[in-house]
Structures are given as structure tokens and as C-alpha cells.
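This report describes the fold of a single chain. It takes the strands, then the helices.

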Amino acid sequence: MQTSLAITPDRRHFDIHKAINRLKNQADWVGLRYVSEVQHTRRFRNQASDTHGIALDVGVMVEAMVNGHSGYAGTSDLSESGLDKACQ
């Protein structure tokens with residue numbers, strides 16, 4: 001028996017180039033790092049399969065420089081308002 005717990009994150013709703021273009025006017029310098037992590041959990045008890053699960057964690061790390069001062073923030077809210085809040 002072969003099983004697969006493969007998961008592919010759906011990145012269609014987030015365009016990093018569009019996000020950079022929107023945020024670059026709010027600071028002297030802005031950097032974005034998109035992070036996607038998939039965790040697979042497999043548990044066995046008494047040599048029998050017990051629980052299987054998948055967790056997906058997606059977010060963006062925002063780095064900004066304003067008047068020579070750097071700031072960092074992370075958010076899992078990839079909407080325009082979520083990125084605006086992280087950039088502030």
C-alpha cells in the first residue's frame with residue numbers, strides 16, 4: 001500500500017512583485033521574503049497507524065528602512081491591508 005500526503009501551497013492569491021511595488025513608496029527600502037512550510041505528522045501506536053495530518057504555514061517577512069532605521073515584521077495575512085499593517 002502506498003499513500004501520499006503531498007500538499008502544494010496555492011500561491012495564486014499572492015503576487016510578491018505587486019506587493020513590493022505597493023510598499024516601496026512607504027519606506028526608503030523594503031524587502032519581502034515569502035515563507036511556506038508544510039509539516040507532515042504521522043503517529044503510530046502498537047505498530048499500527050494511528051493519526052496522520054498535514055499543516056501548512058504561509059506568511060511574509062517584511063523588512064523596511066525609514067530614515068536610516070530598520071524594522072522587521074512578519075505576517076500571515078497576505079492581503080493588501082495585512083501587508084500595510086506589517087510595513088507600518
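Which residue in S2 is the bridge partner of glycine 31? The partner is glutamate 63 in S2.

## Basis of the report

The model is predicted, so to speak of local features a pLDDT of at least 70 is needed, side-chain atom pairs count only at pLDDT 80 or more, and totals for chains, interfaces and linings use all residues. Residues are numbered from 1 along each chain as its sequence is written, and side-chain values use heavy atoms, with hydrogens and water left out.

## Overall make-up

The chain has two helices and three strands, and along the sequence they follow the pattern α-β-β-β-α. Helices (H or I, at least four residues) and strands (E, at least two) are DSSP runs, numbered from the N terminus.

Of the 88 residues, 22% count as buried. Buried means under 20% relative accessible area, exposed over 50%, and partly exposed in between, with a 1.4 Å probe and protein chains only. Among contacts (heavy atoms within 4.5 Å) between residues at least 6 apart in sequence, 46% join residues at least 24 apart.

## The sheet

The three strands form an open sheet in the order S1-S2-S3, with antiparallel pairing. S1 and S3 are at the edges and each has a single partner strand, so one side of each lacks a neighbour in the sheet. Neighbouring strands are turned by 20° against each other on average, direction ignored. Two strands pair if DSSP finds at least two bridges between them.

Strand S1 (residues 29-45) is joined to strand S2 (residues 48-66) by 17 bridges.

## The helices

Helix H2 (residues 80-87) has the buried residues Gly82, Leu83, Asp84, Ala86 and Cys87. They pack against helix H1 (16-23), S2 and S3. H2 packs on the sheet by touching S2 and S3, and its direction makes about 145° with that of S3.

The axes of H1 and H2 come within 11 Å and cross at roughly 50°. H1 is therefore oblique to H2. Axes are lines fitted to C-alpha atoms, for helices over the stretch in contact, and angles run from 0 to 180 degrees between N-to-C directions. Angles under 35 degrees count as roughly parallel, over 145 as roughly antiparallel, 65 to 115 as roughly perpendicular and the rest as oblique.

On the H1 side, the contact is made by Lys18, Ala19, Arg22 and Leu23, and on the H2 side by Glu80, Leu83, Asp84 and Cys87. By class, this contact has four nonpolar, no polar and four charged residues. Ala, Val, Leu, Ile, Met, Phe, Trp, Tyr, Cys and Pro count as nonpolar, Asp, Glu, Lys and Arg as charged, and the others, Gly among them, as polar.
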